[in-house]
Amino acid sequence: MLHQTIQTIQPLNQAAMDQALARQAELTKPAGSLGRLESLSVQIAGMTAQINPSLTNRAVIVAAGDHGITAEGVSAFPSAVTPQMVLNFLNGGAAINVLARQAGARVIVLDAGVAAELPTHPNLINAKVALGTNNSAIGPAMTRDQAVQAVEAGIKVVTEECQNGLQLVGTGDMGIGNTTPSSAICAVMTKTDVADVTGRGTGIDYTRWQHKVEVINRAIAVNQPDANDPLDVLAKVGGFEIGAIAGIILGAAAHRVPVLIDGFISTAGALIAAGLAPLSRDYMIAAHRSVEPGHQIMQKHLDLQPIFHLDLRLGEGTGAALAMPVVASAVATLNQMATFSDANVSGKL
């Protein structure tokens, strides 16, 4: 499934982009005056191969998983919070639920590796690879086969959604301790010092931050992940939900569906996806830039410019949900504004 999905991803549709650019030049406004909305409309035309795609069927897919490396004391919260928050998502009480409702989006939870058995729910996809990863500070977080399984779980859920009409998707995450594997992935794949990409996560103090940096350095030293082999990086220092996020991105790109990348953890998944299929990067839209120091480094590496700078650091897909109306507005202004000839406006502004 992974190989087939990668092979399916196509370049952006140049004819649709040219058509969008030509229409932008005829709209009743000074050229470039709508800023990023203009470039977003062109990019989305290229993604969807349509100048006026419908983006009303929206979902945020929140991938969840636990991490063995939490045994090293890298997080302010225990792993028991992961399944508790998943239940909160399913009950509609989390920040992502509120913001998704505002954006007209559904919330789908993908259990890629929560270290607890969860009750069945219509909005919960059970694709559990294992009950959490192994402790990557002492050995690989997972096997290579498990890494593939995690990515393919993401591909499968988004493929089914696309077959049922999904038109705009956002990535989200839940997993106590997951800024640690995300920092490791960032450091390895961008070839940046661990201390420069590691933040405070859920709010740890300076002493625990220093310990977190030491643990990540130890994990990289023990496992020696190959930066040129994204599956090797994912298997050795990653997480099941990070792999699933990579799969969501790949699957969306294969179906020409724009994908809004949320925060630090989602962008770690984007690094894996882009490493596996460079063309998938063209289908990514960076929703925001979080306060995690590694987020900017990853976005620069992927050449992604965020829509928002709101000092978010929650994850869950909250930034992706916030950006959905902006993306829809970009398409709407392109297609619903009058042209100079339509409005009988003389000349160009």
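Where is Ala-127 found? Ala-127 sits in the loop between E3 and H6, where helices (H or I, at least four residues) and strands (E, at least two) are DSSP runs numbered from the N terminus. This is a predicted model, in which local features need pLDDT of at least 70, side-chain atom pairs count only at pLDDT 80 or more, and totals for chains, interfaces and linings use all residues. Residues are numbered from 1 along each chain as its sequence is written, and side-chain values use heavy atoms, with hydrogens and water left out.

**Around Ala-127**
- Leaving aside residues up to four places away in sequence, Ala-127 touches Leu-110, Asp-111, Ala-112 and Ala-153; contact means heavy atoms within 4.5 Å.
- From Ala-127 to Ala-323 it's 196 residues in sequence and 27 Å in space, C-alpha to C-alpha.

**The sheet**
- Six strands make an open sheet, in the order E3-E2-E1-E4-E5-E6 with parallel pairing; two strands pair if DSSP finds at least two bridges between them.
- Strand E3 (124-126) and E6 are at the edges with a single partner strand each, so one side of each has no neighbour in the sheet.
- On average, neighbouring strands of this sheet are turned by 30° against each other, direction ignored.
- Strand E4 (residues 168-174) and strand E5 (residues 259-261) pair in the parallel sense over 2 bridges, and Gly-170 stands opposite Leu-260 in E5.
- Helix H6 (residues 144-163) packs on the sheet, touching strand E1 (58-65), strand E2 (105-113), E3 and E4. The direction of H6 makes about 155° with that of E2; axes are lines fitted to C-alpha atoms, for helices over the stretch in contact, and angles run from 0 to 180 degrees between N-to-C directions.

**H3 against H14**
- The axes of helix H3 (residues 36-48) and helix H14 (residues 318-336) come within 8 Å and cross at roughly 85°.
- H3 and H14 are therefore roughly perpendicular to each other, a label for angles of 65 to 115 degrees (under 35 is roughly parallel, over 145 roughly antiparallel, the rest oblique).
- H3 brings Leu-37, Leu-40, Ser-41 and Ile-44 to the contact, while H14 brings Val-326, Val-327, Ala-330, Val-331 and Leu-334.
- By class, that contact has 8 nonpolar, 1 polar and no charged residues; Ala, Val, Leu, Ile, Met, Phe, Trp, Tyr, Cys and Pro count as nonpolar, Asp, Glu, Lys and Arg as charged, and the others, Gly among them, as polar.

**Pocket and cavity**
- On a 1 Å grid over the protein atoms alone, a cavity is a set of points where a 1.4 Å probe fits but cannot get out, and a pocket is an open set with protein on both sides within 12 Å along at least five of seven lines; lining residues have an atom within 4 Å of a point.
- The second largest pocket holds about 210 Å³, a volume being the space filled by probe spheres set on the points, which are joined across faces, edges and corners.
- Of the 13 residues lining the second largest pocket, Gln-43, Arg-281, Met-284, Asp-303 and Leu-304 are the closest to its centre.
- H3 gives the most to this pocket's lining, with 4 residues.
- The largest cavity has a volume of about 30 Å³, and its lining has 4 nonpolar, 6 polar and no charged residues.
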